[in-house]
Amino acid sequence: AGVAQDLGAAEGSVPAPRVAEAAQRIIEQAQRASMASRHLAELAAPQASDLDWVDVNAMVSRVLQLMHYDKRYRGIEFASEFDGDLPAVQAPASALQQVLMQMATLGCDATRAAAGGAVRVLTRHAGAAAEVLLEFPARLDFGRAEVQRSLLLSRAIIEPLGARLAFRQEHGPRLQIKLAWPAAPGKA
């Protein structure tokens, strides 16, 4: 930030070699900060010994209920469709809830910025995985630092446990986030 501030405070035109050097220092520091964040997230990731059987439908219902309590999201309608045959998954309940909250918050913040709309939430049994699909009527700016931190943390939590997180931004404002948790240990 200091390097960027120095460039911004420079009067007149800044010589190209100075700009290139400053850009390189900014990139190096951003990479260093990213690596430090990744290491912290990995240290905070739950261990396999914390596993318990979790009802994914109940967990998603709890997350949606918590989202309703947040004043920022009261204007957002949530439509949910739960697969009644969805198997329980072996997972740290707190990790699953944290990742679902992070993804719901990212999508709801984007939805609020896009002047609202309905959020669709579904659960389904897909092969060896229990999937949660979140669909938002908005675009997510993956370049924002807080979005990158949230994604990095979420992936650091779930990937060692065999789960996957995927994003799809369709043409127009339609964001899809899919969390696939192995229904059988180690298979997502």
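At what angle do the axes of helix α3 (residues 56–69) and helix α4 (residues 93–113) cross? In this predicted model, the two axes come within 10 Å and cross at roughly 45 degrees. Helices α3 and α4 are therefore oblique to each other, and their crossing is right-handed. On the α3 side, the contact is made by Val-56, Met-59, Val-60, Arg-62, Val-63, Leu-66 and Met-67. Helix α4 contributes Ala-93, Leu-96, Gln-97, Leu-100, Met-101, Ala-104, Thr-105 and Cys-108 to this contact. By residue class, the contact of α3 with α4 comprises 12 nonpolar residues, two polar and one charged.

Helix α4 also packs with α5, at an angle of about 155 degrees and with the axes 10 Å apart. Because angles over 145 degrees count as roughly antiparallel, α4 is classed as roughly antiparallel to α5. The crossing of α4 with α5 is left-handed, whereas that of α3 with α4 is right-handed. From α4, the residues Ala-95, Gln-98, Val-99, Gln-102, Met-103 and Leu-106 take part in the contact with α5. Their partners in α5 are Val-147, Ser-150, Leu-151, Leu-153, Ser-154, Ile-157 and Ile-158. The contact of α4 with α5 consists of nine nonpolar and four polar residues, with no charged residue.

These helix pairs belong to a protein whose secondary structure comes to five helices and seven strands. Read from the N terminus, the order of elements is α-α-β-α-β-β-α-β-β-α-β-β. The C-alpha trace spans about 65 × 40 × 30 Å along its principal axes.

The largest pocket holds about 210 Å³ of space. Helices α2 (16–44) and α5 (145–158) each supply at least two residues of its lining. The lining is made up of Ala-30, Ala-33, Ser-34, Ser-37, Ala-145, Gln-148, Arg-149 and Leu-152. Four of these lining residues are nonpolar, three are polar and one is charged.

Methods:
Residues numbered from 1 in each chain as written. Predicted model: local features only at pLDDT ≥ 70, side-chain atom pairs only at ≥ 80, totals over all residues. Heavy atoms only, no water. Axes fitted to C-alpha atoms, helices over the stretch in contact; angles between N-to-C directions. Helix = DSSP H or I, 4+ residues; strand = E, 2+ residues; numbered from the N terminus. Parallel < 35°, antiparallel > 145°, perpendicular 65-115°, else oblique. Left-handed = near helix turned anticlockwise from the far one by under 90°. Contact = heavy atoms within 4.5 Å. Nonpolar A, V, L, I, M, F, W, Y, C, P; charged D, E, K, R; others polar. 1 Å grid on protein atoms, 1.4 Å probe; cavity = no way out; pocket = protein on both sides within 12 Å on 5 of 7 lines; lining within 4 Å. Points joined across faces, edges and corners; volume = space filled by probe spheres on them.
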